[in-house]
Amino acid sequence: MMNAKDTSKYTPQQLADAERFMQLLSRVPEDKRDAVIQNTESVIIGIEIAARINKATANGGAA
């Protein structure tokens, strides 16, 4: 989990995106937030895996 005080590892755009996500999440009913967070994490993981596969394919199979 990100330490809110240690933002040195993130770009200004990433911080702005995180702030926007938190604003959107605040509009979700509290009993549905866990599901939204889990689904969001699943999408992010899927995107990361696809990027690794694409990189490995472009490099001839070495990730």
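Entry 1. I started with a term: partly exposed means a relative accessible area between the buried cut-off, under 20%, and the exposed one, over 50%. The model I am reading is predicted. S26 has a relative accessible area of 48%, so I logged S26 as partly exposed.

Entry 2. I then looked up where S26 sits, and found it in helix 1, which covers residues 12-26. A polar atom of the S26 side chain lies 2.6 Å from the backbone oxygen of Q23.

Entry 3. Stepping back to the whole protein, I noted two helices and zero strands. Of its 63 residues, 5% count as buried. The protein exposes about 5,600 Å², and carbon and sulfur atoms supply 57% of that area.

Entry 4. On to helix 2, which runs over residues 33-58. I noted 26 residues in helix 2 and a reach of 37 Å from its first C-alpha to its last, close to the 38 Å expected at 1.5 Å a residue. Just after helix 2, I found G60 with a positive phi of about 75°.

Entry 5. Which residues make the nonpolar surface patch of about 280 Å²? I wrote down I45, I49 and I53. I45 lies in helix 2, and its relative accessibility is 46%, so I45 counts as partly exposed. A reminder to myself on spacing: an α-helix has 3.6 residues a turn, so residues three or four places apart point the same way.

Note on methods. Residues are numbered from 1 along each chain as its sequence is written. This is a predicted model: local features need pLDDT of at least 70, side-chain atom pairs count only at pLDDT 80 or more; totals for chains, interfaces and linings use all residues. Side-chain values use heavy atoms; hydrogens and water are left out. Patches are made of residues with over 30% relative accessible area and no salt bridge: like charges are joined within 9 Å, nonpolar side chains (Val, Leu, Ile, Met, Phe, Trp, Tyr) within 5 Å. Accessible areas come from the Shrake-Rupley method with a 1.4 Å probe; for residues, only the protein chains shown count as cover. A salt bridge is a side-chain nitrogen of Lys or Arg within 4 Å of a carboxyl oxygen of Asp or Glu. Helices (H or I, at least four residues) and strands (E, at least two) are DSSP runs, numbered from the N terminus. Buried means under 20% relative accessible area, exposed over 50%, partly exposed in between (1.4 Å probe, protein chains only). The expected span of a helix is 1.5 Å times one less than its number of residues. A polar contact is a pair of N or O atoms within 3.5 Å; within protein, one must be able to donate a hydrogen and the other to accept it, and residues adjacent in sequence count only if both atoms are side-chain atoms.
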